[in-house]
Amino acid sequence: MQKLNRRQVLKAGGTLGAVGAVSPLVMAAKSDAATKDDMKSMKRVRQTLVAPPFAPAYDQNYSGSPKIVEVELTVHEEKRVIDDDGTEINALSYNGSIPGPLMICHEGDYIELTLKNPASNEMDHNIDFHASTGALGGGGLTLVEPGQQVVLRWKATKPGTYIYHCAPGGVMIPYYVVSGMSGAVMVLPRNGLRDRAGKRLSYDRVYYVGEQDFYVPRDEEGNYKTYETHAAAMEDTFAVMATLTPSHVVLNGKVGALTGDGAMKAKVGESVLIIHSQANRDSRPHLIGGHGDYVWEAGSFADPPEEGLETWFIRGGSAGAALYTFLQPGVYAYLSHNLIEAVQLGALAHFVVDGKWDNDLMTQVSKPGPIPA
Ligand SMILES: [Cu+2]
């Protein structure tokens with residue numbers, strides 16, 4: 001294991017940078033399209049980002065000309081509690097939520113991001129948008145030191161759901177990602193979502209569920225350790241990361257974040273689009289008592305959705321989307337169907353659905369009672 005001194009920790013993109021290295025060619029290409037006249041006349045929309053599982057305001061049926069969607073992310077370096085036992089980590093996040101907020105635009109739009117790294121932070125950060133094209137997904141053009149901001153604009157050419165994450169170079173890439181620095185973008189097709197026969201699919205609600213694996217070191221007695229700083233935590237954390245065995249796998253940053261008061265809500269008859277991201281590890285979303293009516297498992301809206309799935313697969317480093325119309329009321333568990341990860345490590349959420357029970361779909365023919373002799 002490579003040991004890091006403080007200087008290397010703080011200048012992650014510099015000394016560790018094989019993966020994050022940016023060539024002069026890439027840098028030279030950055031100032032070109034930005035000055036075009038059609039850019040100046042293009043409609044601008046300010047999208048106020050919100051904490052997941054909620055989505056920002058947007059127009060599902062937008063069919064106008066391409067627009068520039070302005071968004072802003074601020075890097076937070078702060079301690080966060082990630083379970084009910086009070087386990088505290090030195091988290092990293094975009095806008096203070098894990099996952100970072102969902103951004104939504106339409107195919108052909110531009111996302112114009114202002115990325116701020118406040119002077120109170122200690123480390124360099126950047127952003128790699130999987131939906132974008134070039135310069136390490138923008139990672140090569142967005143590295144900001146504490147006290148700096150940068151503005152990046154990229155064209156959303158591919159409809160689908162995609163992750164974004166911090167990628168400052170070398171071993172800092174997985175470290176930052178498993179500290180919380182990822183989120184998702186949804187690029188809607190200009191003619192809307194379609195089934196495989198080409199029929200329009202719409203939805204009443206959208207929820208964004210970001211799955212996050214954490215690797216919290218333990219002491220000799222098995223208790224989780226806390227560290228004053230990232231520099232102090234890194235060596236032990238890298239050792240746990242190298243086992244590929246997370247201490248926590250959670251939905252929305254904390255065990256139980258999307259249960260109880262945080263449960264997602266819907267009504268019988270409503271169609272809900274669930275976006276599920278995992279920036280580092282594979283996952284197997286499953287809705288107990290329901291289905292994936294239409295599932296874009298790999299996240300590409302250019303592909304027809306699969307239909308009627310029981311469980312779908314989210315490959316590490318991607319976001320997928322599932323559309324389901326709730327038909328029965330009740331509390332539904334939405335989880336990773338690696339049940340150990342769901343129940344013991346935390347990858348479990350709830351939907352609370354109001355409405356009228358359909359006896360045709362399910363009925364208890366007789367209550368539990370003695371087996372007749
Ligand atoms: Cu970062």
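Two residues are in contact if their C-beta atoms, placed from the backbone, lie within 7 Å. The structure is a predicted model, in which local features need pLDDT of at least 70, side-chain atom pairs count only at pLDDT 80 or more, and totals for chains, interfaces and linings use all residues. Residues are numbered from 1 along each chain as its sequence is written.

Leaving aside neighbours within four places in sequence, isoleucine 275 is in contact with Leu102, Thr161, Ala184, Met186, Val206, Tyr208, Val209, Ala319 and Ala321. Ile275 is also among the residues with the most contacts inside the largest nonpolar core, together with Ile111, Ala184 and Val185. A nonpolar core is a set of buried Ala, Val, Leu, Ile, Met, Phe, Trp, Tyr and Cys residues joined through C-beta atoms within 7 Å; buried requires 20 or more other C-beta atoms within 10 Å of the residue's own, placed from the backbone. This core has 91 residues and draws at least three from each of domain 1 and domain 2.

The domain bounds, which come from an automatic or database domain assignment, are 6-50 + 58-190 for domain 1 and 208-354 for domain 2. Their centres, taken over C-alpha atoms, are 21 Å apart. Across the boundary, 34 residues of domain 1 are in contact with 39 residues of domain 2. On the domain 1 side, strand S8 (160-165) gives the most, with five residues. That side divides into 19 nonpolar, nine polar and six charged residues, where Ala, Val, Leu, Ile, Met, Phe, Trp, Tyr, Cys and Pro count as nonpolar, Asp, Glu, Lys and Arg as charged, and the others, Gly among them, as polar.

Strand S12 (residues 205-214) has nine of its ten residues buried, so it is largely enclosed by the rest of the structure. Strands (E, at least two residues) and helices (H or I, at least four) are DSSP runs, numbered from the N terminus. Two strands pair if DSSP finds at least two bridges between them. The pairings of S12 are as follows.

| Partner of S12 | Bridges | Direction | Example of bridge partners |
|---|---|---|---|
| S15 (residues 271-278) | seven | parallel | valine 209 and histidine 276 |
| S13 (residues 248-251) | four | antiparallel | phenylalanine 214 and histidine 248 |

For the chain as a whole, the secondary structure comes to seven helices and 21 strands. The radius of gyration is 22 Å, close to the 21 Å that the globule rule gives for 373 residues, so the chain is as compact as a globular protein of that length. The radius is taken over C-alpha atoms, and the rule is 2.2 Å times the number of residues to the power 0.38. Buried residues make up 45% of the 373 residues.

Technical notes:
A residue is buried if 20 or more other C-beta atoms lie within 10 Å of its own, exposed if 12 or fewer, and partly exposed in between; C-beta atoms are placed from the backbone.
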